[in-house]
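Here is a short briefing to read with the model open beside you. Take it one topic at a time, and look for each feature as it comes up.

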Amino acid sequence: MSGGGKTGLTATLNRGWWQTRKWLVLRRVSQLGILGLFLLGPLAGVRIIDGNLSSSLLLDTVPMTDPLLFLQMLVAGFLVPAGTAVLGAALVMGFYLLVGGRVFCSWVCPVNLVTDAAGWLRLRLDLHGGINLARSTRYWMLALVLLLALATGSLAYELVNPVSLLHRGIIFGLGSAAFVALALFLFDLFVARRGWCGHLCPMGAFYGLVGAVSPVRVRADQRAACDDCMECFVVCPEPQVIRPALKGAEAGRGPVILAGECTNCGRCIEVCPQEVFAFGLRYPNRERGQGSETRSSPGLSKGAAT
Amino acid sequence: MNGGSGEKGSGHPAQPGRRRFLGDLARTACGVGVLGLGLGLHASRANALPAAAIRPPGALPEAEFLAACTRCGLCVRGCPYDVLKLAGLLDEAPAGTPYFVARTEPCVMCEDIPCVPVCPTGALDHALTDIHEARMGLAVVVDHEACIAFQGLRCEVCFNICPVRGKAITLDLQHNARSGKHALFIPVVHSADCTGCGLCEKACILEEAAIKVLPMRLAKGELGHHYRLGWEQKAEHGGSLVTPDQQHRYNLPEGVRYEHGGRGLIIDEGAESPYSDNPLDTLNRGLEPDR
C-alpha cells in the first residue's frame, strides 16, 4: 500500500480539493457541530439539546436514547422505563435503521475524532504491527455487555464505556475524559490498527447489526472502472466490506456494500480517482454496467472507462 | 485478522483454515471472557455508593437505580441550583450517575422538583410530585458527644433550618442533670417526615457535622418481622391479646429504687454500681433454682 501522504492525490488533481474531501469535511462538521450543540447549554446558556449521547432532549421536546443502553436496561431487569426512554430509543433506532447504523460511528460519535486522528497518524508515521484482533471480537464484546447487564443487574459496561465516558466528560467538564481519549488514541496508534472502532467497540457492533438492513448504502456501481489503485482500501476504516461489492462481479455479487460494518463515512467515494463509489440505496443490487449498456460484460465496460 | 480468505481461494481441504478459525474463536472468547470477569468484579465493587453521596429525589432503590439510570445528566441540567453532580471516572460513585453531597450542597427542596420529570427513564420516579414525600436519605444525629445541644448549649440550627420544620426534626426538652437547672434541647429526627435533603447537615455549626444525612440502607434499622409491640396490638384489638395484665412488678437491680415524685431511678448511696461484675448475674436474675 502506498503511504498515507499520497492518498487522494490523483483524485484531487482530477476533481479538486473540495470534491475529494467533501464528505470528510461534512463529517467533521457533523461531529463537532453535535458536540457544539450539546456544549451550547453549559457554555453559553443556549439550551438546544440537553443531556448527552446516552439520553438527551432536543428543544425540550424530542427525546433521544441510545438503543443499546435501552437494551441493557431491559436486560438488567428494569422492565418498565418511562415512555420518554421508549420513544427516545425508538426514534434513534428508526433514524439509524434508515440511514445506516454506523452512521452513528462516523458522523456522530466523538471517539471517531480520536481514532481517526490515531489512524491518520499511523499512516503518516508509517507505523505497522501491533496485535491482531479479529474483526468479530466486537460482537463478542456486545454479547459481553448484555451478559454483564444481566449478571450484575446494572448497566455495568457504562462504568467503563469509553464512548459515553468521553462524550459525558466533554459535555459535563469532567477531566477524566482526557485520559479516556488519550488511552484510545494510544491504543489505536500503537497497539492495534483501527483497534477500537474497527474491532472492539460493542456500540459499533450494535449499530453494525442495525445498519445491516438499512437502505442507505455506499454503492460501487462503476466498479468496472476500478484500476486497482487501492486508495479506497487505504482510507477505509473497515476495508473488508469493500471487496465483495467492488470485486464480486464475477462471483455474481451486486455492487452494493451490504456489510453493516460500513460506517457510510464516504471516504471511499471521494478518494477514488475513477469515481467508482457513490451513496445510494440498497436496491437494486445487481450488475448494472454503465448507463444504457446495462448487462454489458465487465470487460467491455472496463475497456470503455479506461 | 482471522483469515478465512486463504481457505476460500485455494481448493485445498479446509483443515488448516478451520483449525485457525477455531483457534481464533477460542482466543477471542477467552480474551473477552477474562475482560468480562474483570469488568463484572469492577462493577460489583464500583456499584457500592459511598455513604456521603446522596441520590436525587425520587431515585429508585440503589440496585434498581443502577439498572435504570442512563447517566445522561438531564437531572443535573434540570437542577437550577447546581446541587447535583455527575460522577466522573475517578469519583467514588458509579461513573455518570447523579448524586449530591449534603454537607457542601444540599437539595434545595424545589416545589416543582425540576430534576425528576426530565429523567427519561424514570430512574427518578415521576410519581414523586410532592418534594415532602422525597426520601433521599435520612438525617441522623450521629455524634451525641460533639453535638452541643447535648452539652446543654443552645443551638437548634438544624431544627430551625429544616424545611419540614417541627416535623422532621423536633426538639426534645430534657432536664440538664449536670447543671441541675438548665434544659437540654435535644434534636430528634423523625423518619416519617425527613426528606433527607441535607439542609441540616449543611447548616450544622460544627467543624464536622454532628447531624448527617445517610442513605436509607445505612440510616434505618429493621425490626424482626415477627415482632409485635404489645401496646400497639392492645390498642388495635381493644385489649390485651394474652393473659390479663398483671400487676406491674419492678424488676430492678439491687441497690436501685424508683421514685415516683419525678426523680426516677435512684441508686443507693452504698452501692458502687447496681450491676454485678458478672453479666450472667443480671441475665440469670430470678432464675435461681429453688433450694
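In chain B, strand 1 and strand 3 (residues 98–101) pair in the antiparallel sense over 2 bridges. Two strands are said to pair if DSSP finds at least two bridges between them. Helices (H or I, at least four residues) and strands (E, at least two) are DSSP runs, numbered from the N terminus.

This is a predicted model, in which local features need pLDDT of at least 70 and side-chain atom pairs count only at pLDDT 80 or more, while totals for chains, interfaces and linings use all residues. Residues are numbered from 1 along each chain as its sequence is written, chains are lettered from A and ligands numbered from 1 in the order in which they are written, and side-chain values use heavy atoms, leaving out hydrogens and water.

**The sheet in chain B**

- Within that pairing, B:I54 has B:F100 in strand 3 of chain B as its bridge partner.
- The open sheet here has 3 strands in the order 1-3-2, with antiparallel pairing.
- Strand 1 (53–54) and strand 2 (85–86) of chain B are at the edges with a single partner strand each, so one side of each has no neighbour in the sheet.

**The sheet in chain A**

- Chain A also has an open sheet of 3 strands, with the order 1-2-3 and antiparallel pairing.
- Its edges are strand 1 and strand 3 (62–65) of chain A; each has a single partner strand, so one side of each is left without a neighbour in the sheet.
- From one strand to the next, the twist averages 20°, where axes are lines fitted to C-alpha atoms (for helices over the stretch in contact) and angles run from 0 to 180 degrees between N-to-C directions.
- Strand 1 and strand 2 of chain A run antiparallel and are joined by 3 bridges; A:D50 has A:L57 in strand 2 as its bridge partner.
- These two strands form a hairpin with 3 residues between them.
- Strand 2 and strand 3 of chain A pair over 4 bridges, and A:L58 has A:V62 in strand 3 as its bridge partner.
- Strand 2 and strand 3 of chain A form a hairpin with 3 residues between them, and A:L59 in the turn has a positive phi of about 50°.

**Where the two chains meet**

- How many residues does each chain bring to the contact? Chain A brings 45 and chain B brings 40, with contact meaning heavy atoms within 4.5 Å.
- Together the chains bury about 3,400 Å², 71% of it on carbon and sulfur atoms; buried area is the accessible area (1.4 Å probe) that two parts lose on being put together, summed over both.
- Helix 7 of chain A gives the most to the side of chain A that touches chain B, with 6 residues.
- That side of chain A has 26 nonpolar, 14 polar and 5 charged residues. Here Ala, Val, Leu, Ile, Met, Phe, Trp, Tyr, Cys and Pro count as nonpolar, Asp, Glu, Lys and Arg as charged, and the others, Gly among them, as polar.

**Salt bridges**

- The structure holds 13 salt bridges over all chains, each a side-chain nitrogen of Lys or Arg within 4 Å of a carboxyl oxygen of Asp or Glu.
- Between chain A and chain B the count is 0.
- The side chains of A:D116 and A:R27 form a salt bridge at 3.2 Å, N to O.
- A:D116 lies in helix 6 (residues 111–124) and A:R27 in helix 2 (residues 22–44) of chain A, so the pair ties together parts that are 89 residues apart in sequence.

**Backbone details to look up**

- Most residues other than glycine have a negative phi, and most peptide bonds are trans.
- B:I113 has a positive phi, near 40°, and is found in the loop between strand 3 and strand 4 (138–141) of chain B.
- The peptide bond from A:Y283 to A:P284 is cis, with omega near -5°.
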